[in-house]
Amino acid sequence: MDLASTTLPSRSLYFYFSPKTTLTYSFPTKPSVVSLKPRGVSVIASAGASHHCESSSSSNSNSNSSLNSPLEQRSQAGKFLSSVLQNHRQLFHVAVTDELKLLADDRNAAVSRMLLSSHSDEASLHRRIAQLKEHECQIAVQDVMYLSIFYKFSEIKVPLVPRLSRCIYNGRLEIWPSKDWELESIHSLEVLDMVKEHVTAVTGLRAGSSVTENWATTKIPRLLLGQVYVASILYGYFLKSAQLRHCLERTVGLANLDLHLTDRTSLHFQELCSYGLETLLFGCVSNRQSVSCSQESSNSEMKLEPLKCYVMGFDPETVQRCAKLKSKEAVNLIESHSCALFGDEKTGLVENNEVILTSFSSMKRLVLEAVAFGSFLWDTEECVDNLYKLKENN
């Protein structure tokens, strides 16, 4: 099974990081503690003056390096927005809107020419041009989505972890500072409880663990660490989808219609949006003040179970619907980002299954970043689709 058809939550997940590398993921138990790490370390990894990997933006002249993101931008639109993000941050959203409109116009123009020439001698030529333009625009819009997610991380002052190949020295990986509070602050209280349970499930690190437990070290294969990261992205995406579904159902009062759970949760987001709740769909539940949707309901008798109970009551079809990535661009973006982060710097393939020594705190940092990435991806996908119709992930 490939990444496009992967769903969460599940006891076993299968997806591709690359066409050559198939990964299987099962929620692990806590690995054994190998040694303890001193607290006073302030860089991710170091090997003297010649080798270091910082979690903050570097000052290299190359635009991609200065962003210090794992994935480099391949399109002109991506490189332009990268420059805007660094030099004219206040104009970033305006630039994103303009680029998406230009990409949509370019793609539509190529399709129109193909249709107009369908019965001419140049039909095959224009069909090929339209295919190439579609591919070119897809790469560009993925860059736009990636930089939009990068922007969201920068808003909470959390840099993305750079390529691990630049951060691992002598088999040792350490990520500092942890940024746990910033990464947790984007979630509502209900979602945060579920995120903490996920962190415990995949790392074995309990909430409220001591400093000694956080900085205890463990060994983990690179492939397994990559699987945990991707699974956490998908879990963050799933939680955002489930949370908004839950909040929408509270708002429109569907809960007091005496429907069975399977009947109630079979409604699509598009059907719910017909009630005029588009503004609710686009980010107004992303902060803690907006979590209490039931408090604003006009029906004081409505009583709904907490989000965790609501999600636990999902039937398999509803889990599939909430967890499935809606667009091909989102599928490709997760695969590209994961390959850039965990793969070989030259080939991008995750074929090196070296055993990495790292702390539980660093593993938690990666998991929290991945969950946030999935949540931001959901928001970005919705916003981009309004200006540039994304390709449906069938």
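This is a predicted model: local features need pLDDT of at least 70, side-chain atom pairs count only at pLDDT 80 or more; totals for chains, interfaces and linings use all residues.
Student: What share of the chain do buried residues make up?

Tutor: Of the 394 residues, 51% are buried, where buried means under 20% relative accessible area, exposed means over 50%, and partly exposed lies in between, using a 1.4 Å probe and protein chains only. As for contacts, which mean heavy atoms within 4.5 Å, 80% of those between residues at least 6 apart in sequence join residues at least 24 apart.

Student: Let's take α15. How many of its residues are buried?

Tutor: Helix α15 is mostly covered, with 24 of its 28 residues buried. Its end C-alpha atoms are 41 Å apart, which agrees with the 40 Å that 28 residues should span at 1.5 Å a residue; the expected span is 1.5 Å times one less than the number of residues. Ser361 belongs to this helix, which covers residues 360-387, and Ser361 counts as buried because its relative accessibility is 4%. Beyond its neighbours within four places in sequence, Ser361 is in contact with Ser178, Asn214 and Trp215.

Student: And which residues touch the most other members of the largest nonpolar core?

Tutor: A nonpolar core is a set of buried Ala, Val, Leu, Ile, Met, Phe, Trp, Tyr and Cys residues joined through side-chain atoms within 4.5 Å. In the largest one, with 85 residues, those touching the most other members are Phe153, Leu173, Leu225, Phe238, Leu377 and Tyr388. Helix α15 supplies the largest share of this core, 13 residues.

Student: Why does Phe153 count as buried?

Tutor: Phe153, which is found in helix α4, counts as buried because its relative accessibility is 1%. Leaving out residues up to four places away in sequence, Phe153 touches Val158, Leu160, Leu183, Glu369, Ala372, Phe373 and Phe376. Phe153 and Phe376 are 223 residues apart along the chain, yet their C-alpha atoms are separated by 8.5 Å.

Student: At what angle do α14 and α15 pack?

Tutor: Helix α14 (residues 328-342) packs with α15 at about 145 degrees, and their axes are 11 Å apart. Here axes are lines fitted to C-alpha atoms, for helices over the stretch in contact, and angles run from 0 to 180 degrees between N-to-C directions. The contact is made by Ala330, Leu333, Ile334 and His337 of α14 with Phe373, Leu377 and Glu381 of α15.

Student: Switching to the sheet of 3 strands, what is the strand order?

Tutor: The order is β5-β7-β6, in an open sheet with mixed pairing; two strands pair if DSSP finds at least two bridges between them. At the edges stand β5 (172-173) and β6 (217-221), each with a single partner strand, so one side of each has no neighbour in the sheet. Strand β6 runs antiparallel to β7 (residues 355-359), joined by 5 bridges, and Ile220 stands opposite Ile356 in β7. Helix α8 (residues 222-252) packs on the sheet, touching β5, β6 and β7, with its direction at about 90 degrees to that of β6. Helix α15 also packs there and touches β5, β6 and β7, its direction making about 95 degrees with that of β7.

Student: What about Lys157, where is its place?

Tutor: Lys157 sits in the loop between α4 and β5, and its phi is near 60 degrees, a positive value in a residue other than glycine. Lys157 counts as exposed because its relative accessibility is 64%.

Terms used
Residues are numbered from 1 along each chain as its sequence is written. Side-chain values use heavy atoms; hydrogens and water are left out. Helices (H or I, at least four residues) and strands (E, at least two) are DSSP runs, numbered from the N terminus.
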